[in-house]
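Grab a pencil and work through these exercises with the structure open beside you. Try each task yourself before you read its solution.

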Amino acid sequence: QVQLVESGGGLVQPGGSLRLSCAASGSWFSISAMGWYRQAPGKQRELVATITGGGSTAYADSVKARFTISRVNANNTMDLQMSSLKPEDTAVYYCNVVGIPMRTLLPKPYWGQGTQVTVSS
């Protein structure tokens, strides 16, 4: 069985930094796109950043130049380095993977359980 495990959330002051990690455990045939989404209270879930297997990245305008997404294909892991954090970055952050598990050989998106990031003084 495959699953995504996130870590690294917490409380940070404005201007501070946090690093989120996501590990895609289990047996995978392949993983293509990986990404981070976030959902603030009362708002819809939104894309934060994505990264392809080849390392191409894309960011929401609101986080460009402040967040950096990276991945290690050999380990099926992904990180989100967040810097210059603002109160409006407060949200639950979700890891997302589009992959093919060995058990099913069918591609589908998978979600982590979410990790809370709170930016407040």
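Before the charges come up, here is the counting rule: Lys and Arg count as positive, Asp and Glu as negative, while His and the chain ends are left out. Keep in mind that this is a predicted model.

**Exercise 1. How far apart are the mean positions of the positive and negative charges of the protein chain?**

Solution. Start with the counts: the protein chain has 10 positive and 6 negative charges.

**Exercise 2. Work out which elements make up the chain, and check its radius of gyration against the globule rule.**

Solution. First, look for helices and strands: there are 0 helices and 11 strands. Next, the radius of gyration: a compact globule of 121 residues would be near 14 Å, and the protein chain has 14 Å, so the two agree. Finally, the C-alpha atoms fill a box of roughly 45 × 25 × 20 Å along the principal axes.

**Exercise 3. Which residues touch the most other members of the largest nonpolar core?**

Solution. The core has 30 residues, and the ones to pick out are Trp36, Leu80, Met82 and Tyr93. Now see where the core comes from: the strands giving it two or more residues include S4 (28–39), S8 (77–82) and S9 (91–101). Zoom in on Tyr93: beyond its sequence neighbours up to four places away, its partners include Trp36, Leu80 and Met82. As background, nonpolar side chains tend to be buried together in soluble globular proteins.

**Exercise 4. Is Asp89 buried or exposed?**

Solution. Find Asp89 in the loop between S8 and S9. Its relative accessibility is 1%, and the cut-off for buried is under 20%. Therefore Asp89 counts as buried. Which residues does it touch? Outside four places in sequence, Asp89 is in contact with Arg38, Arg66, Phe67, Ser84, Val117 and Val119.

Methods. Residues are numbered from 1 along each chain as its sequence is written. This is a predicted model: local features need pLDDT of at least 70, side-chain atom pairs count only at pLDDT 80 or more; totals for chains, interfaces and linings use all residues. Side-chain values use heavy atoms; hydrogens and water are left out. Helices (H or I, at least four residues) and strands (E, at least two) are DSSP runs, numbered from the N terminus. The radius of gyration is taken over C-alpha atoms; the globule rule is 2.2 Å times the number of residues to the power 0.38. The place of a charge is taken as NZ of Lys, CZ of Arg, CG of Asp or CD of Glu. A nonpolar core is a set of buried Ala, Val, Leu, Ile, Met, Phe, Trp, Tyr and Cys residues joined through side-chain atoms within 4.5 Å. Buried means under 20% relative accessible area, exposed over 50%, partly exposed in between (1.4 Å probe, protein chains only). Contact means heavy atoms within 4.5 Å.
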